[in-house]
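Here is a briefing on one protein chain. It covers a surface patch, aromatic contacts and strand pairing.

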Amino acid sequence: MSEEGASLLLSPATKGKAISHEQNDSSESTPLLSNSSDTPRYDGESDGHERDDAVSIRSHPPDAAGPAHSAKNSRRWASFIAMGILAAVVVAIIVLAFIVPEAVQEYAQQAAVIEPTNLALESITTNGVRARIQANFHLDGSRVPNDHVRRVGRATTWVAYQLESTETKIDVRLPEYNNVLLGSAIIPPLVINLRDGDVTTFDFVTEIMPGELDGIRTIANDWLEGRLEKLRLNGVADVSIKSGIFPLGTHTVSETLLFEANKIPAMPKYNITRFNVEDGPMNGSMLADVSLTAFNEYPVELDIPELAFDILVPGCAMSDSILVAEAATSEIHVHPRADVEADVKAVIRELPESLTRVCPDSTSSPLDNLLRQYMHGDPATFFVRGSRNPDGDTPKWIADILSSVTVPVPFPGRSLDGLVRNFSLTDVHFSLPNPDADPNDPDSNPKVSGTILVTAGVPSEMNFGIDVTHIRATADVLYKSRKMGELNVREWQHANSTRVKGKGDEGPELLIQSRVLDAPLNVTDGVVFGEVVQALIFGTAPVRLHVNALVDIQVHTTLGNLTLKEVPAEGKIPVKPLPKGAIGSIDPKVGSLRVLDTTSDSITLQALVNVTNPTPYTAHIPYVNVHVLNNGSVLGSATVENIDIVQGPNSNILVTAKWSPPMGGDHGRKIGRNLISQYLSGWNTSITVKAHKHSIPGQRIISKALSAFNMTFAAPRLDLPGDTPEERSHFIRDATFHFFSSTATFTLVSPLHYNTLYLDFVNATALYNHSEPVGQILYDLPFSAPPGKSVTPKLPVKWSMDSIGYDAVRKAIGGKLKLDAYANVDMRLGNWKESLWYQGKGIGARVQL
């Protein structure tokens, strides 16, 4: 046969073609081998399967029509080799039998039709396999376009009628691989009917023996790595033939078959129907149980014995692979054009160090890379290689072939999205940024501490003991689908876990608990952050923050400690709003005051303040500065440093404040003067605190967001020395009028524990019954009001002689009465001076002669 004819040995099939023994039921398009590129997908569904049921053997003259459609991509090599060799032998027998070889050769090549019906591997022997080949053969002269060749061929084959061959050995070699021996087959004696339309049925058993291992390995590796663009097979046999009782001699037959890349079979697709991993019977081991199904689209039947394999995974370099498990298959029964099921058992022992060691110039180990692919739903590549130490029943030739070939097998990944079913944060503690931290230092961000509670679903295939020991994560924090900031837990946090039964139809769950300490929260959107703060302050329902996280998890298993990196997790963190009336319940109280510095228009002082934290949260505040306002004007600022706020009462918080009404301009000076006067007079006054863009150093986004809100409190009452419930916060405790000397003295209580106040000028009027003048004091000599209680010098009183108030004082000599007082006072504290007014009511006054 010519090479051109050999390359076209196999023609495509039509779908569902029936096999018949009658000439009229076959045609030129009847194929030799079945073929389909459709196989079951990963989801277990099956595509349609087109069948190639027969093949034609013919020459290919230039004017011959081409095939009706292209052949499918994948074919069984065993079918190709067996049927191709059989066809070549049959044609060779016919050609060699006649005196007119050229015409008969052309007739045989174009008229021969062989229809395979079954190929079954009956048994595996120590030297190869025993295969049963069943096929039908006939000559169809109508396929020959040349009239002369057709007439000569029909006449010659009608006269000869039958040819018979003896047992023949066929060697198949690879010309393009140094002519290495691929395999050999023994064809038993064959009797062939030569008359046009007569059908010869073949049904025989042949032994196929593998050839040189290096050749098989080389061609297999080229195929697996995609370098096999075409495959040329050359079959050589010495054929002895006779016609009836007449021997026709022994002839050497050589035939070449060429397979293009699109006709070389691909790796069959398979579907994983069961995958289960559990703890092994020995410490430090796990067992994997896997079931696979694949569709056999060929008319091939065989039984595959139990085989042993090594399972490997990619190492750091592309050329490296790491042994991780040993697997064995059960006996596999392959039926023609049917699903094939395979059960695989694998043993995973202690993980090698090379699997968990970080690769050079990388932050990941081979195990990290493998798990990352699997957990993100991408196929992870495993390598399967025949075991070098197979079971004793495995023939050596099979072990040698399988152990010399490493096949990459994609293992379908499983996305872990939605694995985390619940995510919550309790016992929350906030820490504001450190003002001295570098901008790139995590301490420059606010920090969050709390107890993380996670409920995670356990995949059904994971039936082994697992204990979470540490976690860390990076997370995006969102509010109403908009990103507010990033939460970064860079350091490993201790964790523990408990496996529990799932609810309803849900699988088992893993309850994970971890206490996270000082996780930096980087606020990236001040507008969203401001909305969250507003909802917390003024809202009534919990604020739900959405968290999208990539979590690194350290787990302990029977194989040792493993690290799962970048496990996707999401959840909602409900943050409780401030209780109703929370701002008013803060109830600040000033215990003591110390003046640190004064200027002509400002006072810097320190105070110990008691407040109540009405929220369920705690906080550490390294530094924060706020403005103090009244009636919209900035009157000063207040600063706290390195304080810890706990739930409930918080005592003796050191606050540094600066009283500086000029910060609010001229209007601020007036408001500040009136505020102090009202406060000293015992009026109900209030102050407002408000953040500004520099409130938290290095956090302009947070500071700007907080500056949109303010909190107004009743001005804190001062704890004055000798306070009683009746006298509380009255700066003038009592007065004594000396009637004959027309003088008065007053008992004053200074709120300052360490500094002395000075009164440089007093212009005061005393009233009886709220409106009747008693007298006036006009005094321009300075006198002091030291810390605690003190008595003023005798101040001259100018009596209102004709008033009802004067008569009341005269009648009260030796007793007491209640008076009101109105005064304008020039007050001095260090370098600070201010003119204030004072209104006091119900001041107890004694009258003496």
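In which loop does Ile813 lie? Ile813 sits in the loop between helix H12 (804-811) and strand S42 (816-829). Helices (H or I, at least four residues) and strands (E, at least two) are DSSP runs, numbered from the N terminus.

This is a predicted model: local features need pLDDT of at least 70, side-chain atom pairs count only at pLDDT 80 or more, and totals for chains, interfaces and linings use all residues. Residues are numbered from 1 along each chain as its sequence is written, and side-chain values use heavy atoms, with hydrogens and water left out.

**Surface patch**

- Phe740, Ile813 and Leu849 make up a nonpolar patch on the surface, with about 320 Å² of accessible area together.
- Patch residues have over 30% relative accessible area and no salt bridge; nonpolar side chains (Val, Leu, Ile, Met, Phe, Trp, Tyr) are joined within 5 Å, like charges within 9 Å.
- A salt bridge is a side-chain nitrogen of Lys or Arg within 4 Å of a carboxyl oxygen of Asp or Glu.
- Accessible areas come from the Shrake-Rupley method with a 1.4 Å probe; for residues, only the protein chains shown count as cover.
- Ile813 counts as partly exposed because its relative accessibility is 30%.
- Buried means under 20% relative accessible area, exposed over 50%, partly exposed in between (1.4 Å probe, protein chains only).

**Aromatic pairs**

- Rings of Phe, Tyr and Trp (its six-membered ring) pair if their centres lie within 6.5 Å; planes under 30 degrees apart count as stacked, over 60 as edge-to-face and the rest as tilted.
- The count by this rule is nine aromatic pairs.
- Phe137 and Phe202 form a tilted pair, 6.4 Å centre to centre, with 35° between the planes.
- This pair links distant parts of the chain: Phe137 is in strand S3 (residues 129-139) and Phe202 in strand S8 (residues 200-210), 65 residues apart.
- Both Phe137 and Phe202 are buried.
- Phe739 and Phe740 pair edge-to-face, at 5.9 Å centre to centre and 70° between the planes.
- Phe739 is buried, at 12% relative accessible area, whereas Phe740 is exposed, at 63%.
- One aromatic cluster holds Phe737, Phe739, Phe740, Trp799 and Tyr806.

**Strand S12**

- Nine of the 11 residues of strand S12 (residues 286-296) are buried, so the strand is largely enclosed by the rest of the structure.
- Strand S11 (residues 271-279) runs antiparallel to S12, joined by eight bridges; two strands pair if DSSP finds at least two bridges between them.
- Arg274 has Ser291 in S12 as its bridge partner.
- S12 and strand S17 (residues 338-348) are also antiparallel, with 11 bridges.
- Val290 stands opposite Val344 in S17.
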